[in-house]
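Reader: I would like to learn how to read the packing and surface features of a protein model. Could you take me through some cases slowly?

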Amino acid sequence: MGSKVVSNAKEFCSLLRSFQDDKSRNSCTYEEEIHIIKSTGDKITAVNFYSANQTIFVCEKDVPNISGLVDELNTETSNCSGDNDEDHYDVFQKEQGSQPLTVIKARQLLSLYTLSQNPSVSAVDQKLILHPLWVRCDMGDAEGTAWFGTEPVCVGGKVTGVKLYSVTCKGSPVERKSLLTLEELKQVHRNRYPRSSIGIKGTARFSLFGSTVVDNSTIESQSSIMVDFKWSHVESILEIPPLSSSAVLNIKVVCGDMRSPMFEIYRELEFLQTLADGLKTGETEWMEPLESTSAVNLTKAYLEELQNLAKTIQVQTAKTAETQKQEMDPPISNSFLERGDLDFVEELWVRMRKSVTSYQDIGDSLKLVVEALRYGDIKPWIHRDSSSSLSKLIIQSYQQQIDHVSLTGITPVIMLLEMGVDKMRKDYINYFIGEELTTLNHLSYYLSTEVDLQEQVIRLRKLHHLLEIIVTCRTFLGLPYDRLFALTQLGLNHYKTSTYDEEHEFHLQIKPALISHFYQKEQPVVWGVEISSGQGPREVRTSLQLSDKPLVDHVIFEIDMPNETVNEDTKEHVFFSTMMCCSFISFA
């Protein structure tokens, strides 16, 4: 019997070693029914507490490929009402998800893994230290085990023992009065390690910004701002993080939220992106115009206005006063980037981007402008550092020597895109420099005109994303200047070397006192306490995690609506309870 077990351990170890060495494979099968994948601990919430940032093996039940069954289902139901088709397909999709093994089978795998790492078992090869192994479990035992895990403990490059982990869950949400007390949790830990001194740490995560509930309806948001707390000297379960805690904001802002103060600026950038995409692909999906008047008529009216302004000082003064009045009371949506120094090209861009619906619109409008310049009908002023093609023509018009421009093909689109890039670049400079959040030197990468237009647009999008983050933190969290400054530098440095990614989370250290009014009366998204004993490789931990959603995704919990964590009868908040325990086994 012993030799059979050792043989099985050797076979299992050989499979894992081969799988670990093969960088081209992400999955393999053991005994035909067990699917093993490579993953990282931080991708699995329940495992992240022990194996964060490590490559791990994950064992789960092998689910056969049922795509053929789905095709058959679609064929059978093609002549029927489609109301239930999607439901049937969802059922198949769920079957294809991660499926757990029985607790008994999981224990067998852990035994094989542990035996394979034991140096005293001479029949087992010790050439390679394996990745940690985690096994999805079906919660079929009395404890409700959802995960088993194990990893080697090494000293001097040699395996001296293993740590065994278990993650257990309650099958349904628990009310606060039914939760373990801190003393009961300490006793659970002491039952495993009676002679060890203990240390206690608390963690909590709160949502400060994201989806909101209005009149019992949830307004979903892809943006989120979470805050993670860590502190020592925990006194009770679900205690509010003390002001002495360390706190980190996790900020993810997705552009385009209609509730954002930056929404109108976002629409302007989207039009800019539309032009850039059109140049790249040859096809353009024009945005719905914001003006009922055509681009050509708006351009004509603007040119006539400038001609009239040039005729009399009185008219010019009146127009200037009107402009100043508008500048003093800008729309709320544009107040962050509103500038009172728009030159001719920028004013023209504003009119055209709200009304253009075709390439013909662009060409016809710019022809009117070039003709007015050529015949000296207008003498507009522009910023000294303007770099667009139209700006150069305007400068030439001052000397009545305008180069010939063929406004055919893609030339008008390029000219309009240059106008928009130039204008929006100045908008962002105006905000970041005006708020003293950075310097021109630090913005040089984003403001460079040495790269092509497509790259210039990409860098503007990066600046815009950063600006959305800053404005969100300023408007909704009221962060002080020093935190906004630090966040700006963090974002600028990140995007110099990283691609545009709205899913990226920015992490910012913050003092809890600055945001205490946001979280002290709120329920946490996750609250945890960790009790530890020992040091270094021999450290063992017992932790309790209370969350508003299950931390395990491969089992079904006894609740009709997984997102509902409030007891409707008592209005008392309820939590999903997850306990994690760790044991150390020495091979010495």
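This is a predicted model: local features need pLDDT of at least 70, side-chain atom pairs count only at pLDDT 80 or more; totals for chains, interfaces and linings use all residues.

Reader: At what angle do the axes of helix α7 and helix α13 cross?

Author: Two packed helices are described by the angle between their axes and the distance between the axes. Here the axes of α7 (residues 263–281) and α13 (residues 411–434) cross at roughly 145° and come within 10 Å, where helices are DSSP runs of H or I with at least four residues, numbered from the N terminus, and axes are lines fitted to C-alpha atoms over the stretch in contact, with angles from 0 to 180 degrees between N-to-C directions.

Reader: Is Pro 261 buried or exposed?

Author: Buried means under 20% relative accessible area, exposed over 50%, and partly exposed in between (1.4 Å probe, protein chains only). Pro 261, in the loop between β12 (246–252) and α7, is buried because its relative accessible area is 14%; strands are DSSP runs of E with at least two residues. Its C-alpha atom is separated by 7.7 Å from that of Val 471, 210 residues apart along the chain.

Reader: Which residues does Phe 485 contact, leaving aside its neighbours within four places in sequence?

Author: Contact means heavy atoms within 4.5 Å, and with those neighbours left aside Phe 485 is in contact with Glu 436, Leu 437 and Thr 438. Phe 485 lies in helix α16 (residues 481–497) and is partly exposed, because its relative accessible area is 34%.

Definitions and conventions. Residues are numbered from 1 along each chain as its sequence is written. Side-chain values use heavy atoms; hydrogens and water are left out.
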